Amino acid sequence: MPKGRKSCPDCGGEHGVRTKECSCGFKFKFRPPIRRGKEIDVSELNEGDVFRIISGTGSFWYSSRTGEKIYSQDRYKLTFKKFEKNGMFAFGKYGHEYIYIGESYISKTTGLHYRKPRIKLVKRKKSRDAI
Ligand SMILES: [Zn+2]
């Protein structure tokens with residue numbers, strides 16, 4: 001079968017992969033879309049879980065010059081370590097990171113808008129002592 005084609009299991013007719021129904025009436029089943037990470041609350045994290053901060057969430061600086069929000073955390077994968085007062089520690093590509101998860105506020109000294117990020121779970125740590 002050439003790439004991008006599929007055949008009808010009923011009549012053998014050849015179709016493009018996006019065809020939903022064959023002329024003989026056979027309906028093709030579509031695979032459900034790949035499940036991206038599920039959004040969870042940071043409080044649901046356990047040590048060793050891998051997560052990613054959702055774009056456009058979390059602490060940021062606002063550039064009045066360009067009107068742009070510059071996020072203080074990168075979007076690469078992070079491994080949760082532990083909670084700390086108003087925040088949590090995780091490691092990523094560039095080592096340890098402190099992520100603020102308390103009430104939103106703006107720092108007068110740095111101008112950083114502190115805001116709890118929304119996160120997506122990438123992978124749960126496999127637990128040896130499963131509940
Ligand atoms: Zn058919």
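Buried residues make up 11% of the 131 residues in this protein. Here a residue is buried if 20 or more other C-beta atoms lie within 10 Å of its own, exposed if 12 or fewer, and partly exposed in between, with C-beta atoms placed from the backbone. The model is predicted: local features need pLDDT of at least 70, side-chain atom pairs count only at pLDDT 80 or more, and totals for chains, interfaces and linings use all residues. Residues are numbered from 1 along each chain as its sequence is written.

## Overall form

The radius of gyration is 23 Å, whereas a compact globule of 131 residues would have one near 14 Å. That radius is taken over C-alpha atoms, and the globule rule is 2.2 Å times the number of residues to the power 0.38. Along its principal axes the C-alpha trace spans about 70 × 50 × 25 Å.

The protein is divided into domain 1 (1–30) and domain 2 (38–125). These bounds come from an automatic or database domain assignment. The C-alpha centres of domain 1 and domain 2 lie 45 Å apart.

There are 0 helices and 12 strands. Helices (H or I, at least four residues) and strands (E, at least two) are DSSP runs, numbered from the N terminus. Of the contacts with a separation of 6 or more, 43% involve residues 24 or more positions apart. Two residues are in contact if their C-beta atoms, placed from the backbone, lie within 7 Å.

## The six-stranded sheet

An open sheet of 6 strands has the order S3-S12-S4-S7-S8-S9, with antiparallel pairing. Strands S3 (39–40) and S9 (95–100) stand at the edges with a single partner strand each, so one side of each is left without a neighbour in the sheet. Two strands pair if DSSP finds at least two bridges between them.

| Strand pair | Sense | Bridges |
|---|---|---|
| S4 (residues 50–53) and S12 (residues 119–123) | antiparallel | 4 bridges |
| S4 (residues 50–53) and S7 (residues 78–84) | antiparallel | 2 bridges |
| S7 and S8 (residues 87–92) | antiparallel | 5 bridges |
| S8 and S9 | antiparallel | 6 bridges |

Val 50 has Thr 79 of S7 as its bridge partner. Phe 51 stands opposite Leu 78 in S7. On the S12 side, Ile 53 stands opposite Ile 119. Further along the sheet, Glu 84 is bridged to Gly 87 in S8, and Ala 90 to Glu 97 in S9.

S7 and S8 form a hairpin with 2 residues between the strands. Asn 86 in this hairpin takes a positive phi near 60 degrees.

## Faces and core

Phe 51 and Ile 53 lie on its covered face, Val 50 and Arg 52 on its uncovered one.

The largest nonpolar core holds 11 residues in all: Leu 45, Phe 51, Ile 53, Leu 78, Phe 80, Met 88, Ala 90, Ile 99, Tyr 100, Ile 101 and Ile 119. S4, S7, S8 and S9 each supply at least two residues of this core. A nonpolar core is a set of buried Ala, Val, Leu, Ile, Met, Phe, Trp, Tyr and Cys residues joined through C-beta atoms within 7 Å.

Leu 78 belongs to this core. Leaving aside neighbours within four places in sequence, Leu 78 is in contact with Phe 51, Arg 52, Ala 90, Phe 91, Gly 92 and Glu 97.

Is Gly 95 buried or exposed? Gly 95 counts as exposed because it has 6 C-beta neighbours inside 10 Å. This glycine is found in strand S9. Gly 95 and Leu 78 are 17 residues apart in sequence and 9.4 Å apart in space, C-alpha to C-alpha.

## The four-stranded sheet

Another open sheet has 4 strands in the order S6-S5-S11-S10, with antiparallel pairing. Its edge strands are S6 (68–71) and S10 (105–106), and each pairs on one side only. S5 (residues 60–63) and S11 (residues 112–114) pair in the antiparallel sense over 2 bridges. Phe 60 has His 113 of S11 as its bridge partner.
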